[in-house]
Amino acid sequence: MGTAVLTKETFQDQIQSGVTLVDFWAPWCGPCKMQTPIVEELAGEVKGQATIAKVNVDEESDLASQFGIRSIPSLLLFKDGKLVDTMIGVNPKGVLKEKIMKLAAN
């Protein structure tokens, strides 16, 4: 699996530098099951330019509330520790990749 699994202990270190897309999800969430293969495929395609990570909202409710996650999947895009974009619901790979590549280029 090309995605990193983040906890509240590892979250800040991971997003601190570079581009990171974080998928907030839960095992019981139907749309999340559609988003997961998309983000895992994307992880392979953007390797070296960005990190794709996942946060299970059931296990990491503190992180979910910190970022105001109310519906899942929620995809948060960070650049050097700053939140730059939030996408809610299932997002196609092309859209995600374009956003990541734009950020990685700057």
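This is a predicted model: local features need pLDDT of at least 70, side-chain atom pairs count only at pLDDT 80 or more; totals for chains, interfaces and linings use all residues.

**The disulfide**
- You'll find 1 disulfide in the structure, and it links Cys29 to Cys32, with 2.3 Å between the sulfur atoms.
- In case the word is new, a disulfide is a covalent bond between the sulfur atoms of two cysteines.
- The S-S torsion for Cys29 and Cys32 is about 85°, so this disulfide is right-handed.
- Cys29 and Cys32 are both buried.

**The nonpolar cores**
- The largest nonpolar core has 17 residues, and the ones touching the most other members are Phe11, Val22, Phe24, Val55, Val57, Ile69 and Ile72.
- A separate core of 14 residues lies apart from it, and its members include Ala43, Leu75, Leu77 and Leu96.
- Zoom in on Val57: leaving out residues up to four places away in sequence, Val57 touches Phe24, Trp25, Ala26, Ala64, Ile69 and Ile72.

- Most peptide bonds are trans, and most residues other than glycine have a negative phi.
- Ile72 and Pro73 are joined by a cis peptide bond, with omega about 0°.
- Pro73 sits in the loop between helix H3 (61-66) and strand S4 (74-79).
- Asp80 isn't a glycine, yet its phi is positive, near 50°.
- Look for Asp80 in the loop between S4 and strand S5 (82-88).
- Asp80 has 40% relative accessibility, so it counts as partly exposed.

Note on methods. Residues are numbered from 1 along each chain as its sequence is written. Side-chain values use heavy atoms; hydrogens and water are left out. Helices (H or I, at least four residues) and strands (E, at least two) are DSSP runs, numbered from the N terminus. Buried means under 20% relative accessible area, exposed over 50%, partly exposed in between (1.4 Å probe, protein chains only). A disulfide is a pair of cysteine sulfur atoms within 2.5 Å. A nonpolar core is a set of buried Ala, Val, Leu, Ile, Met, Phe, Trp, Tyr and Cys residues joined through side-chain atoms within 4.5 Å. Contact means heavy atoms within 4.5 Å.
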